Amino acid sequence: MPPKSLSTLFLGLELATDQLRASIVDENLELVGVEVVDFDTEVPEYQTQGGIFTTPGDAYTTPVEMWLKAFDLLFEKLGKNYELTRIKAIGGAAQQALVWWKAPVPPLQALDPRLPIHTQITSQSFSLQNPPIAQDTSAHTHALALEAALGGPDLMAARVGTCAHPSLIAAQLLRVREAWPDIWSRTGRVQVASSFLASLLTGQLVGMGEAEASSTGLWAHAGSQPGAQSHWDEGVMEIVGGNREEGHRIWSWLGDVDISGGRRRIGNISRYLVDRYGFDSEVIITPFTSDYLSTYLSLCPSPSDAVLAFGPMDVMMAPAANYIPTRLYNLFPHPAQDASEKRRYIVMLTSRNADVPRALVRDMYTKSWSAFDRLVAIVPPGGSIGLDDKLFSFWLLQGDTYPFAHVKGIYRFETGVKVNEFRDLRANPRCLLESQILSFRVRWSRTIPAGVFGTTPGRARNANSTPSPISGAQQKRATGVNNSNNMGLPFDPYDYATLPARILATGAAANFPSIANLAGDVFNAPVLMPTTQVDAAQVIPHRNTPAPGYPARAALGGAYVARWVWGKEKGTPAGTGRGGFEEEVRRLLSKRWAATGGAPLRTSINAPSSTSKAASAAGSGASTPYGHGSRSALGSTILVEEEEEEVEEMERSGGGYGLGFSEADISRIRTVTSSTTGTAMSGSTLGEAPSTAFTTPDLGALTSPNAGSQPAEGAAASTPSALQPVTAMPTSDAELQLGLAKVAEPDVDAFMSYAALVPEYCRLEGLLIKGIV
């Protein structure tokens, strides 16, 4: 049982792809409780893998009835382990998915408290019983068709704030209308998953917030236009519905949108939950939002920060001052702001080719995540020690957002020429990661001229941000490089003043020391991670799902919003402050820090012990060894003998391992790596076992001279060593009190090396987009 206290508690829920999670905090935002229901193991009758079903093609679906049963199980656990009468507000988040209610919609307010919800709302209550989730790309062609009907990506973005992408809600609606007209005709209401979860709590159907409405492709946000009102776009709805009448029907399905900003109650807890579990009838239900945005809220980024969430979809988010939609990014109204505040926004850059390519490269070129991480660490930037023979790769396994909406395949380039495979196979893991992170760096710089960040983008937006590693010096330039015309680019790749001052990283990939350092070097910024994830990584370093006893960031974000709204409702000092959500969370955490004498935030409840809580030291795996000054001390210790043999054997073999993957094999990997958004977001994407049966042969056995005569010893020698995750480096008190720990420092020389790669990366990217290669 968690420690007893008499303080008020706040509950945050997250409906993730693979689990339903709950985190409980007290008035000072100290973690008090963690509960979870795992779909695969606790509701096994649905036979999901990672909480989802996969079918031939690009369809990824999940059963809504499973969510209802998990909801019952979760609240039974909460009722047994916590005093629910002390919970005064509930917030939350959910993955991106639609719930298709069959007409007539069952009355949620009439549920019988003597029976579980899943026995009263069955699969027959839904016209589409297994709706698609965020990883589903089966509606990609419908999204592109809608984009074309609206005049192209630029006009579509200007009209509804986003251009086509595979999981666009408008495209999913269009696909259902065209593919399953009987489902379309039976539908009485459509909700996003977050609103569905909130409806179960309030006992009445709840509409979505404006942040999620802006992601549908159907919402016209007014921005800063004087006198303009945000609204559902009837013209787009008419295109999706096929005619005006069906367009109005879609409007009635989706309902009204909450444009208040998020600082209000959407209702009180339902009579059902009060009678069945003993909640206080005055419990406040606050607006729910998407898991990505809730994770963002839990990290309280400063104006000059960027949040980099690794997962099945890699996502980069940052605060934005202005609403200027373009095809370069997605733009959302901030989901937690007071109506009296100046409107704030969140810029989001996404990449759908994330965990899946990483898992595929792991299987093709190594045997373990540990070997993957260390192989990245020993290969130089650009995959080559030379200056003019850098290697580039693009792993575009499924349809992505702009600019890769029409590009699919695996592309490798040596000395600017397309090749089927690199001569040095060891370069593949590093080149993949460099491509993924350079993509965000390039797209960030292309975003700046749009003006969405205001007049002072990047680290100039926050005078108190973490200083540049070149303290007090003029900005460094690469020797002998002429930057006068930026090498044909619309931005200077050597200028880091416009880049984020800090990277706040989440997701299992951020636990890899090589990846954390790579992100820091590409952006020339320190990388910080939530202390909850740093500690959880010591237990299970390669899973996006939090380790047992550790909270999910999206659930914590919901609990923080619940505390924030409750503060305003009760008129507490923290609730009546003039600052925004982030400022008030910082104020609460600062107050807690002072009251506890600088004690770190609790990171887990009844969690298994971790392997290490010590600060980084030589050999800990927290630093990349290649060419980074003091960090190079790890070079001699970071590889174990078995993995060195593996690398040597790969070099001798000339590329014969694991290269015969078909699309079906890739699909099978995606099944196992399914999730939504990193630690915050869902899914055990980077599982302990190899992700498919098509893994690299046992290289340890091949290199053992006594493998034939001593099979037992050969098998033991080939056992991969455990991944050594990042550990906390010395971190400032201001960051520690927010629950953040530094895990990587940038190296300015490495930054310059990557800046030199940017022009060639952009040239090759342009060739792919134009279909020249």
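1. P104 lies in the loop between β7 (98-102) and α3 (117-120). Helices (H or I, at least four residues) and strands (E, at least two) are DSSP runs, numbered from the N terminus. The peptide bond that joins A103 and P104 is cis, with omega at about -5 degrees.

2. The model is predicted: local features need pLDDT of at least 70, side-chain atom pairs count only at pLDDT 80 or more, and totals for chains, interfaces and linings use all residues. Residues are numbered from 1 along each chain as its sequence is written, and side-chain values use heavy atoms, with hydrogens and water left out.

3. The protein chain has 27 helices and 24 strands. Of its 773 residues, 64% count as buried; buried means under 20% relative accessible area, exposed over 50%, and partly exposed in between (1.4 Å probe, protein chains only). Among contacts in the protein chain with a separation of 6 or more, 74% are between residues 24 or more positions apart, where contact means heavy atoms within 4.5 Å.

4. Helix α5 (residues 153-160) has the buried residues P153, M156, A157 and V160. These residues cover an arc of only 100 degrees around the axis, which puts them on the same side of α5; the arc is that of the directions from the helix axis to the C-beta atoms. In general, an α-helix has 3.6 residues a turn, so residues three or four places apart point the same way. The cover over the buried residues of α5 includes α4 (140-149), β10 (219-220) and α10 (234-241). On the face turned away from the buried side of α5 are the exposed residues L155 and A158. Just after α5, G161 takes a positive phi of about 80 degrees.

5. In strand β17 (residues 330-333), N330 and F332 point one way, L331 and P333 point the other way, and all are buried. β17 pairs with strand β18 (residues 345-351) in the antiparallel sense over four bridges; two strands pair if DSSP finds at least two bridges between them. N330 stands opposite M348 in β18.

6. An open sheet is formed by three strands in the order β19-β20-β21, with antiparallel pairing. Its edge strands, β19 (391-396) and β21 (417-419), each pair on one side only. The twist averages 30 degrees from one strand to the next. Six bridges link β19 and strand β20 (residues 409-414) in the antiparallel sense, and L396 stands opposite G409 in β20.

7. T415 lies in the loop between β20 and β21. Although T415 is not a glycine, its phi is positive, at about 45 degrees. T415 counts as partly exposed, at 49% relative accessibility.

8. The axes of helix α15 (residues 369-378) and helix α17 (residues 513-523) come within 8 Å and cross at roughly 40 degrees. D373, V376 and A377 in α15 meet P513, S514 and I515 in α17.

9. N524 is found in the loop between α17 and β23 (527-530). Its phi is positive, near 50 degrees, in a residue other than glycine. N524 counts as buried, at 0% relative accessibility.

Methods. Axes fitted to C-alpha atoms, helices over the stretch in contact; angles between N-to-C directions.
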